[in-house]
Amino acid sequence: MAAAGTAAGPAGPEPMPSYAQLVQRGWGSALAAARGCADCGWGLARRGLAEHAHLAPPELLLLALCALGWTALRSAATSRLFRPLAKRCRLQPRDAAKMPESAWKFLFYLGAWSYSTYLLFGTDYPFFHDPPSVFYDWKTGMAVPRDIAVAYLLQGSFYGHSIYATLYLDAWRKDSVVMLIHHVVTLVLIISSYAFRYHKVGILVLFLHDISDVQLEFTKLNVYFKSRGGSHHRLHAVAADLGCLSFSLSWFWFRLYWFPLKVLYATSYCSLRSVPDIPFYFFFNALLLLLTLMNLYWFLYIVAFAAKVLTGQVRELKDVREYDTAEALSPKPSKAESFQGPRSRPQPAGPGAHQPLSTRPAAACDEDATAVPASGPPRPSSPTGHAAALVTPGPRPRAPGPRRRPTPGSRVSRRAPGRPQVPACTPCHVAPVPPPGPPGGQGGPSEDAPGDYPAAVPYGGAGGRRKHRAPRPGPRRGRPAPGARLSCGTVP
């Protein structure tokens, strides 16, 4: 057990100040330090680093190796422990994806906070009850106790791993940018406070912050486990509600009450009383003030969630920082539905109208097309250019009413060799030729067709309206006589 150094300050602990005393004394000390600093600048910073910073390269290398070790340990724990546990407990897919992150953070913060609690309350260190004592026996290059050095190594390497985890492993949330800044600021504070031997106040900062993370991850784990195996577990629901309440209270008490009045008061006011020329006074106080502002930012999320609960907008516990990923995606349209584009005309009413082509019965094409079975040798399509009506093999529904059969003399079209099979009953209609239009247009009668013979203009389906083609030179073979019955209906 490490023993604290002999105190050089008052005989008893100094009482904790109020917020007004913190602002008045801290602001006054900062202004006095700024006026009394004659050579403040980069020159003083370089001299301060050379004289007061004590950080060996092997210590930085050990910190980096431990950060890699945390990353490897998390990967192994996720694949071998957390994911099998989520699968065994039959968590919902959304909760099973988030559970490994919360379980990992809960285990680390629980162990780190327990060790910090042991250092502050299980040893002779008086840092918590008397925060100004952290500067009573401060000296440049003083030895760091081994128990505090272990805590610094574990915490510093974990926050180095957390920077990588926030970018590549954790779920991206609304405050992920602020969380990334928090991890960078915390890592800089840990390394610099160790180098300048401000490790006593560093242990107090870690203790005041880790307790909230323990309760946050504990609450999230109970939220994930309350709906598992297809049933609702009341025990986890009650634990989640109690954890949410204790988390909100501990956040305010530890981070917004004790942290400013214990840590900021000691670093901004008491430090100059014990060490008048304490190095990097403004640097450390600026980082601690930035940490306080981030605590206020996250406290706004807690207040917003509490307001939603009180007003009845939220009935279940959830992390308001997370994006809503439960929105159902609209189903993609089928190929038959995608045929009905802006260029397609509305189909006439009748049996099977306004139905997807893949679901319309073949008998619904009574006057549009003649449905034929797909068996037998392939036969080329109609020379008139009409759309071929095919029927997919297998049983198909039959429309009510008498079944229309092709009459003798009608032309039946079948799939040409090498032509892809289309859904059954592709609509095809016979429409009169539009009046002659301007040159280059799609309208106009065919030059080789008689005036009383209407040309077939198929529309609908995947191809839309077919453009008018110029007549081929020479006599046209296979021209049906006027009044003949075509595959898409009878010509009037």
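H199 is buried, having a relative accessible area of 1%, where buried denotes under 20%, exposed over 50% and partly exposed the range in between, computed with a 1.4 Å probe on protein chains only. The model is a predicted one, in which local features require pLDDT of at least 70 and side-chain atom pairs count only at pLDDT 80 or more, whereas totals for chains, interfaces and linings use all residues. Residues are numbered from 1 along each chain as its sequence is written, and side-chain values use heavy atoms, with hydrogens and water left out.

H199 lies in helix α7 (residues 199–225); helices are DSSP runs of H or I with at least four residues, strands are runs of E with at least two, and both are numbered from the N terminus. Not counting residues up to four places away in sequence, H199 touches M142, A143, V144, P145, I148, Y152 and S193, contact being defined as heavy atoms within 4.5 Å. With residues up to four places away in sequence again not counted, Y198 touches F135, W138, Y152, S193, I278, P279 and F284.

F207 is also placed in helix α7 and is buried, at a relative accessible area of 4%. The residues touched by F207, not counting those up to four places away in sequence, are W113, S116, T117, L120, F121, F128 and F254. F207 and F254 are separated by 47 residues in sequence and by 9.0 Å in space, C-alpha to C-alpha.

Packing between helices was examined next. Two packed helices are described by the angle between their axes and the distance between the axes. Here axes are lines fitted to C-alpha atoms, for helices over the stretch in contact, and angles between N-to-C directions run from 0 to 180 degrees. Helices α7 and α8 pack at an angle of about 165°, with axes 8 Å apart. The two are therefore roughly antiparallel to each other, a class assigned to angles over 145 degrees, with under 35 counted as roughly parallel, 65 to 115 as roughly perpendicular and the rest as oblique.

Helix α6 (residues 176–195) and helix α9 (residues 281–310) pack at about 150°, with their axes 10 Å apart. α6 and α9 are therefore roughly antiparallel to each other, and α6 passes α9 in a left-handed crossing. Residues making the contact include V178, M179 and I181 of α6 and F283, F284 and L287 of α9. By class, the contact of α6 with α9 has 15 nonpolar, four polar and no charged residues.

The largest nonpolar core has 79 residues, of which M99, I148, Y198, L208 and V263 touch the most other members; such a core is a set of buried Ala, Val, Leu, Ile, Met, Phe, Trp, Tyr and Cys residues joined through side-chain atoms within 4.5 Å. Elements giving two or more residues to this core include α1 (19–36), α3 (57–88), α4 (93–121) and α5 (146–168). α8 gives the most, with 15 residues.

R90, in the loop between α3 and α4, has a positive phi of about 55° although it is not a glycine, and is exposed, with a relative accessible area of 58%. F280, in the loop between α8 and α9, likewise has a positive phi of about 55° without being a glycine; at 22% relative accessibility, F280 counts as partly exposed.

Methods: A crossing is left-handed if the near helix is turned anticlockwise from the far one by less than a right angle, and right-handed if clockwise. Ala, Val, Leu, Ile, Met, Phe, Trp, Tyr, Cys and Pro count as nonpolar, Asp, Glu, Lys and Arg as charged, and the others, Gly among them, as polar.
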